[in-house]
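Have the structure open as you read.

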Amino acid sequence: MSLSRREFLRRNSLTGLGAMLTPTLLAETTPLTMVPPQIIAVIPSQTTPLAALGGSPIRSKPWPAWPIWNPETDEKRLLEAIRSGVWSRAAMVTEFEEKWAATVGAKRCLSVVNGTNALIASLAQFGIQGGDEVLVPAYTFIGTVAPVLAMGAMPIFVDVEPDTFQMDPAKIEARITPRTKAIIPVHILGLPSDMTRIMPIARKHNLIVIEDACQAHMAEINHKQVGTLGDAGCFSFQNSKNLAIGEAGAIVSDNDAFMDRCFSYHNYGNPYGTVSGIIGIGTLIQGTKLRLTEYQAAIGLAQLTRLDQQTTLRNENAAYLKAKIEKIPGILPYRLYDDVTRAAYHLFPFRYQPEAFKGLPREQFLKALSAEGIPCSGGYTPLNKMPYLSDTFKSKNYRKMYSRKQLNYDRYLENNQCPANDQLCQEAVWLSQSMLLGSRADMDDIANAIEKIHGQAEQLGLKK
Ligand SMILES: *Cc1c(COP(=O)(O)O)cnc(C)c1O
């Protein structure tokens with residue numbers, strides 16, 4: 001291997017490694033630890049010192065690129081859209097919606113500008129408003145919680161099951177009050193949440209269930225896809241997601257009246273389906289504008305042709321990698337619930353236990369793993385205690401809708417403690433979905449790099 005530094009940087013800025021390491025594209029997650037220059041090894045060698053200590057890395061090849069774009073197959077519809085001059089929503093957007101509904105097994109689909117706004121539209125059309133409480137898991141992306149605040153509602157955090165990374169169903173009921181109106185289970189990291197236990201709790205308490213499936217394209221529980229198990233499901237097609245359009249999202253549901261309202265809402269509140277008035281009466285409900293463009297739909301249609309196959313490959317590689325690394329002491333990969341028949345693996349997560357690595361802190365483990373040529377990240381930091389909450393509580397709207405006691409931030413923090421999540425956020429390590437589109441040998445590189453660090457953790461710990 002003898003890529004010059006410039007050649008390495010050039011290639012990787014054009015491929016997945018570069019893409020994955022570019023914080024702007026990864027805006028959805030925590031920026032991955034940058035690969036330090038040591039990865040560009042010039043001395044090939046077998047058993048070597050850790051790359052973080054100047055040895056040669058396990059791997060210096062780039063990882064599969066993301067997003068994938070094949071000009072030969074993908075550009076026909078895109079050019080058609082662009083050359084037609086019909087750029088606002090028309091037939092291609094409708095075609096994409098029909099195909100996405102069919103793919104996930106939902107009656108209806110509405111595309112919108114992004115996943116965040118899919119959640120906003122869903123909450124709005126299920127009538128979630130100021131004073132309402134909405135249950136959310138603590139281990140998620142801000143895109144789950146911002147929509148709750150956009151409604152003027154109060155996010156209530158539910159702690160996680162650390163081995164699955166998902167909302168803990170056993171902790172839901174204690175968080176329900178007479179003000180609770182909805183629950184947003186998030187299939188976080190693309191691993192299905194425990195819907196089999198969550199749905200009966202939601203039904204018992206008459207809660208609306210909006211699934212945040214923004215990371216979980218084509219994941220399944222008992223052969224039924226996530227997003228179709230609650231009252232509505234929301235998807236994201238942001239650049240990093242398993243179906244990448246750049247920016248886009250979708251709502252799926254079997255509820256016609258709800259979907260008609262969502263359509264109307266995404267088009268200023270103008271008449272649609274059962275949202276109808278006397279001809280000429282004009283705009284009917286409070287709406288906004290969330291419409292997709294034809295060229296975005298063309299990109300989505302191209303990506304959709306590969307999603308099923310890619311999902312199968314991610315499942316195969318994840319199972320293979322999991323079986324290998326769970327043998328390494330201190331590495332605890334995710335657990336899937338028994339009724340999960342397929343996961344999406346937007347990320348491949350495991351928990352890292354420093355005790356088994358001679359006390360090596362996770363941050364140093366992440367750096368060492370990156371240095372071996374394996375890009376990785378520590379993932380989320382706790383969302384239940386970030387400044388956006390106190391900022392919202394200070395707003396004029398919130399001060400009109402809630403009592404002083406309800407907006408007491410210290411009291412809120414106290415009531416929303418999620419100790420299991422705090423711990424999980426300290427322990428998690430993520431690998432990106434596009435790495436799972438590689439070969440078995442690529443998975444071996446990951447396992448070998450972790451093994452190598454495990455074997456030499458002491459040396460790293462002694463450094464400085
Ligand atoms: C990406 C994401 C969102 C928001 O989707 P955007 O398309 O980026 O707005 C919401 N929730 C989760 C869990 C996500 O990963």
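At the start of helix 8, a side-chain oxygen of Asn-255 comes to within 3.2 Å of the backbone nitrogen of Ala-257. This is a predicted model, so treat what follows as computed from it. Helix 5 has a contact of this kind at its start too, with a side-chain oxygen of Asn-114 within 3.3 Å of the backbone nitrogen of Thr-116. Here are the two side by side:

| Helix start | Side-chain oxygen | Backbone nitrogen | Distance |
|---|---|---|---|
| Helix 8 | Asn-255 | Ala-257 | within 3.2 Å |
| Helix 5 | Asn-114 | Thr-116 | within 3.3 Å |

Now for burial. Helix 8 spans residues 256-265, and seven of its 10 residues are buried, so the rest of the structure largely encloses it. Phe-258, Met-259 and Asp-260 are among the buried ones, as are Cys-262 and Phe-263. What do they pack against? The buried residues of helix 8 sit against strand 1 (108-112), helix 5 (115-125), strand 10 (232-236) and strand 11 (249-253).

Helix 5 is mostly covered itself, with nine of its 11 residues buried, including Gly-115, Asn-117, Leu-119 and Gln-125. After helix 5 comes Gly-127, with a positive phi near 80 degrees.

Phe-365, Ala-368 and Leu-369 of helix 10 meet Ala-449, Ile-450 and Ile-453 of helix 15. The residues of this contact are six nonpolar, no polar and no charged.

Notes
Residues are numbered from 1 along each chain as its sequence is written. This is a predicted model: local features need pLDDT of at least 70, side-chain atom pairs count only at pLDDT 80 or more; totals for chains, interfaces and linings use all residues. Side-chain values use heavy atoms; hydrogens and water are left out. Contact means heavy atoms within 4.5 Å. Helices (H or I, at least four residues) and strands (E, at least two) are DSSP runs, numbered from the N terminus. Ala, Val, Leu, Ile, Met, Phe, Trp, Tyr, Cys and Pro count as nonpolar, Asp, Glu, Lys and Arg as charged, and the others, Gly among them, as polar. Buried means under 20% relative accessible area, exposed over 50%, partly exposed in between (1.4 Å probe, protein chains only). A polar contact is a pair of N or O atoms within 3.5 Å; within protein, one must be able to donate a hydrogen and the other to accept it, and residues adjacent in sequence count only if both atoms are side-chain atoms.
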